[in-house]
Amino acid sequence: MNKDIFLTNSLGNKKEKFVPIDKNNIGMYVCGPTVYDDPHIGNARPLVVFDILYKVLKCKFGNKSVTYIRNITDVDDKIIKSSLDKKISIEDLTKMVTKNFHKDCNYLFCEKPTEEPKATENISLMIKMTEDLIKKNYAYTNNNHVYFEVKKFKDYGKLSNKNLDELIAGSRVEISENKKNPEDFVLWKPSKDNEPNWDSPWGKGRPGWHLECSVMSKKYLGIKFDIHGGGRDLIFPHHENEIAQSRCANDSDTFANYWVHNGFITISNEKMAKSQGNILKINDFKNKINGQVLRLALISAHYKQPLDWNENLIEQCQKTLNKWYESYVQIEKKVLIPEEYLSPLFDDLNTPGYIANLHKLYEKSQSGKTKDKEVFTSACNFIGLLKDNKNNWLDFKKEKSIISEQEILLKIEERNKARENKNYKLSDKIRDELLDKGVLIEDKDGKTTWKLK
RNA sequence: GGCAACGUGGCGGAAUGGUUACGCAGAGGAUUGCAAAUCCUUGUAUCCGAGUUCGAUUCUCGGCGUUGCCUCCA
């Protein structure tokens with residue numbers, strides 16, 4: 001495809017044409033989960049958004065030209081706290097949550113990233129970067145802690161559009177006796193005996209948050225790379241601090257060229273938060289809803305926009321996919337999607353615009369031509385929809401149905417007898433009862449068929 | 001207080017300096033015992049005020065409102 005890709009770059013906050021450093025070797029780093037608790041629907045959004053960006057980049061530059069790195073943060077204060085709360089060991093906790101995370105990724109039809117490095121497997125590199133920062137006089141040690149001295153980095157605040165004085169005046173900054181300045185952030189800190197720890201020049205301890213992304217992006221993508229992604233909330237302080245560390249440690253004038261951040265999900269217009277008690281885990285949906293439905297819901301708004309999660313949204317997406325599966329065909333060989341239909345995705349990942357095009361392609365495919373159905377199915381597949389074949393889609397509904405096939409057939413027989421006797425009151429009652437249980441009756445050409453809603 | 005984002009029909013949600021996509025819901029019709037499904041037809045929207053302009057929903061400024069971030073966060 002000749003079309004250029006445009007992305008909104010948080011660094012500067014403008015939509016820009018995407019120009020890779022090396023078009024044969026594109027690097028994308030996305031902040032993955034901190035494995036302290038099962039992933040929720042908010043975590044699902046970047047998973048799907050950046051999965052689609054990965055697909056778009058591969059479409060433009062070739063499958064082998066894109067390296068997608070998504071880390072797993074498996075050392076962090078939240079993990080320590082969660083393991084105490086749940087009364088299981090840190091190792092068991094991080095293993096379990098990582099496993100669940102992978103299940104959720106599959107459920108959402110996300111492709112595997114090229115690599116998925118873990119923080120705990122890269123501690124020595126973190127120690128090395130911390131040493132470099134001390135050597136270069138960007139960091140200082142005090143009382144077994146190592147801090148990054150923010151004021152030494154002149155571009156601090158550029159990504160989040162903050163200036164240092166105001167930040168300090170903001171006064172929510174944690175005051176610590178060990179810090180020279182309140183805005184400084186920790187690179188290394190000591191661990192208590194029961195906390196995870198590694199030997200370091202500053203004693204037994206563990207790395208601060210932020211450091212793992214600086215180290216692992218460098219390991220896999222180099223000092224400078226193309227795209228760094230994550231949720232909006234990571235802009236400050238996480239990504240700001242990553243930039244500071246990385247550029248200072250690497251003596252580099254840039255880190256990632258394009259910063260892409262997705263907006264938040266609200267639950268029925270309320271912020272999703274533990275205090276609200278409205279955290280929806282991805283896993284909670286698995287018993288009722290096909291992952292395809294969640295995926296469509298997650299991309300029904302533009303990635304930068306807030307997305308409200310509610311019953312109505314899910315219902316609409318379920319309905320849409322039910323309809324779309326009517327035009328599903330098995331794809332045998334590669335089918336080209338016309339550029340005019342693909343183009344919204346190239347324009348800052350405009351998924352709602354692309355969905356509108358899918359509706360148009362569906363409309364076209366209804367004419368009955370196999371070719372049109374192939375184009376439609378391929379266009380859906382491109383963003384990870386209709387990836388489940390039609391039988392799986394139907395089987396899923398059957399499995400989750402509260403009424404068995406046998407019961408349904410009995411009811412239909414009963415209803416048809418009533419119809420023969422012109423007892424329409426009874427026949428309509430049976431139909432409504434079935435509908436309540438999610439079964440839709442259709443009388444066509446003298447035959448009654450049924451399907452699950 | 002500081003920094004941002006957003007405000008489009010009944011709902012969701014794009015785009016655009018000139019006729020405002022698309023989906024859902026609604027209305028009418030064909031069909032049906034009635035429905036469903038399908039097909040056809042169809043109504044409805046750019047927060048307020050000022051400015052720039054031949055023309056503003058779009059650009060600028062000012063309101064009002066909503067939301068996010070400001071060292072836990074996707």
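1. D155 and K158 form a salt bridge through their side chains, with 3.8 Å from N to O. The model is predicted, so this distance is a computed one. D155 is buried, at 14% relative accessible area. K158 is exposed, at 55%.

2. **A pair within one helix.** Side chains of opposite charge can pair when their charged atoms come close. D85 and K81 give an example, with a salt bridge of 3.2 Å from N to O. Both sit in helix 2, residues 77-86. They are four residues apart there, so about one helical turn separates them. D85 is exposed, with a relative accessible area of 52%. K81 is exposed too, and its value is 52%.

3. **A pair across the chain.** D443 and R419 also meet in a salt bridge, at 3.4 Å from N to O. D443 is partly exposed at 39% relative accessibility. R419 is partly exposed at 29%.

4. **A network, and the total.** Some salt bridges share partners. One network formed in this way takes in D51, K55, K58, E111 and R295. The count of salt bridges comes to 37.

5. Which side chain of opposite charge is nearest to E212? It is K78, and the distance is 8.6 Å. A salt bridge needs a nitrogen and a carboxyl oxygen within 4 Å, so E212 has none, although it is buried. E212 lies in helix 6, residues 211-221. Its side chain does have a polar contact with the side chain of T73, at 2.7 Å. Leaving aside residues up to four places away in sequence, E212 touches Y29, N71, T73, A119 and M126.

6. **An enclosed helix.** Is helix 8 largely enclosed or largely open? Helix 8 spans residues 291-298, and eight of its eight residues are buried, so the rest of the structure largely encloses it. The buried residues are G291, Q292, V293, L294, R295, L296, A297 and L298. The N-terminal end of helix 8 is capped by N290. A side-chain oxygen of N290 lies 2.9 Å from the backbone nitrogen of Q292.

7. **Backbone points to check.** Most residues other than glycine have a negative phi, and most peptide bonds are trans. The peptide bond from F236 to P237 is cis, with omega near 0 degrees. P237 is found in helix 7, residues 235-250. N143 has a positive phi, near 55 degrees, and is not a glycine. N144 is not a glycine either, and its phi is positive at about 70 degrees.

8. **The loop that holds both asparagines.** Where is N143 placed? It is in the loop between strand 5 (139-142) and strand 6 (145-148). N144 lies in the loop between strand 5 and strand 6 as well. N143 is exposed, with a relative accessible area of 52%. N144 counts as partly exposed, at 42% relative accessibility.

9. **Domains.** Chain A is divided into domain 1 (6-265), domain 2 (287-396) and domain 3 (401-452). The centres of domain 2 and domain 3, taken over C-alpha atoms, are 30 Å apart.

10. **The chain as a whole.** Chain A has 15 helices and 15 strands. Its C-alpha atoms fill a box of roughly 90 × 55 × 40 Å along the principal axes. Of its 453 residues, 52% are buried. Among contacts with a separation of 6 or more, 75% join residues 24 or more positions apart. The accessible surface is about 22700 Å², and carbon and sulfur atoms account for 47% of that surface.

Key
Residues are numbered from 1 along each chain as its sequence is written. Chains are lettered from A and ligands numbered from 1 in the order in which they are written. This is a predicted model: local features need pLDDT of at least 70, side-chain atom pairs count only at pLDDT 80 or more; totals for chains, interfaces and linings use all residues. Side-chain values use heavy atoms; hydrogens and water are left out. Helices (H or I, at least four residues) and strands (E, at least two) are DSSP runs, numbered from the N terminus. Buried means under 20% relative accessible area, exposed over 50%, partly exposed in between (1.4 Å probe, protein chains only). Lys and Arg count as positive and Asp and Glu as negative; His and the chain ends are not counted. A polar contact is a pair of N or O atoms within 3.5 Å; within protein, one must be able to donate a hydrogen and the other to accept it, and residues adjacent in sequence count only if both atoms are side-chain atoms. Contact means heavy atoms within 4.5 Å. Domain bounds come from an automatic or database domain assignment. Accessible areas come from the Shrake-Rupley method with a 1.4 Å probe; for residues, only the protein chains shown count as cover.
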